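These are my notebook entries on one structure, written as I looked things up. The sequence and the model come first, and my notes follow.

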Amino acid sequence: MQEVIEKTVAFVQDRLQYAESGHDWWHIQRVWNNTKLILETEDADHFVCELTALLHDIADSKFHNGDESIGPRVAGEFLSSIGVDPEVIQHVQAIILNMSYKASLGDVHFHSKELEIVQDADRLDAIGAIGIARAFNYGGYKNRDIYNPKIPVETALSKEAYKQTSSPTINHFYEKLLLLKDKMNTPTAQKLALGRHQYMEDFLTQFYEEWNGKK
Ligand code: ADP
Ligand code: NI
């Protein structure tokens, strides 16, 4: 099993060599670390969880015309090529297909403890200090304002309208990042999320103070 993990690490590192920084190897490594941390206090199949953490962003549908099947397909082909048990492969594929934030907003077709854990591990990487860094990195890439006091952070716009406004990066905190702590599946991740969530709240408080020239 250790050998399979090592081969998977090498495969993912190679495939993500030129990936954008939101989903590069370091994101995968952090999600893998978060997964192992959660597994210290949650009971689940470690092998399935670790393989899924490593392969969950192997091919982002955003860069493949929205084709949601590409990630599971690439992951499955790789795992078959190194002789992993078909049952394990199917489980890993089902999690990858169903764990994205987008999928979690629609009908969830598949559920398992292992999905809960890797999804939590991925969500933890979107909050806290890392989450802040990733958000501003994404906003910079899209050439968005960091903040615009004329655009209220809590608008009543529909999700679609919201996406089209190219809202400033601070708005993304209210749209998604501050909501993630209540979306954690496992008690372990719920606890881990608290500190990271508070860090974002403190960041926002200080951000507005500095914006307004206080202190
Ligand atoms: P995921 O792969 O976790 O489902 P995305 O691909 O949507 O998430 O986003 C990758 C990273 O970019 C995350 O840290 C996310 O918070 C950030 N991000 C996504 N959309 C925005 C946005 N509109 N503004 C700022 N950051 C964003
Ligand atoms: Ni991810």
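This is a predicted model: local features need pLDDT of at least 70, side-chain atom pairs count only at pLDDT 80 or more; totals for chains, interfaces and linings use all residues.

**Entry 1: the whole chain.** Among contacts in the protein between residues at least 6 apart in sequence, what percentage join residues at least 24 apart? I looked this up and found 65%, where contact means heavy atoms within 4.5 Å. Residues are numbered from 1 along each chain as its sequence is written, chains are lettered from A and ligands numbered from 1 in the order in which they are written, and side-chain values use heavy atoms, with hydrogens and water left out.

I then looked up the secondary structure and found 11 helices and zero strands, helices being DSSP runs of H or I with at least four residues and strands runs of E with at least two, numbered from the N terminus. Of the 215 residues, 45% count as buried (buried is under 20% relative accessible area, exposed over 50%, partly exposed in between, with a 1.4 Å probe and protein chains only).

**Entry 2: the nickel ion.** Which residues coordinate the nickel ion (ligand 2)? I found His27 and His56, each through NE2, and Asp57 and Asp122, each through OD, at 2.1 to 2.3 Å. Donors here are N, O and S atoms within 2.8 Å of the metal (3.2 Å for Na, K and Ca), and sites may look incomplete because water is not among the atoms. The arrangement is irregular because the four donor atoms subtend angles of 80 to 170°; four donors count as tetrahedral if all angles lie between 85 and 135 degrees, four count as square planar and six as octahedral if opposite donors are over 155 degrees apart and all others between 65 and 115, and anything else is irregular. In sequence, I read the spacing of the donor residues as H-x28-H-D-x64-D, and I noted that both His56 and Asp57 are buried.

**Entry 3: helix 5.** Helix 5 covers residues 86–98, and its 13 residues reach 18 Å from the first C-alpha to the last, close to the 18 Å expected (1.5 Å times one less than the number of residues). Its buried residues include Val88, Ile89, Val92 and Ile96.

**Entry 4: aromatic rings.** I found 10 aromatic pairs, where rings of Phe, Tyr and Trp (its six-membered ring) pair if their centres lie within 6.5 Å, and planes under 30 degrees apart count as stacked, over 60 as edge-to-face and the rest as tilted. Phe136 and Phe173 form a tilted pair, 6.0 Å centre to centre with 45° between the planes. Phe136 lies in helix 8 and Phe173 in helix 10, so the pair ties together parts that are 37 residues apart in sequence. Phe136 is partly exposed at 22% relative accessible area, whereas Phe173 is buried at 0%. The rings of Tyr147 and Phe207 are edge-to-face because their planes lie at 85°, with centres 5.8 Å apart.

**Entry 5: Asn143.** I looked up Asn143 and found its phi near 60°, a positive value in a residue other than glycine. Asn143 sits in the loop between helix 8 and helix 9, and counts as exposed at 71% relative accessibility.
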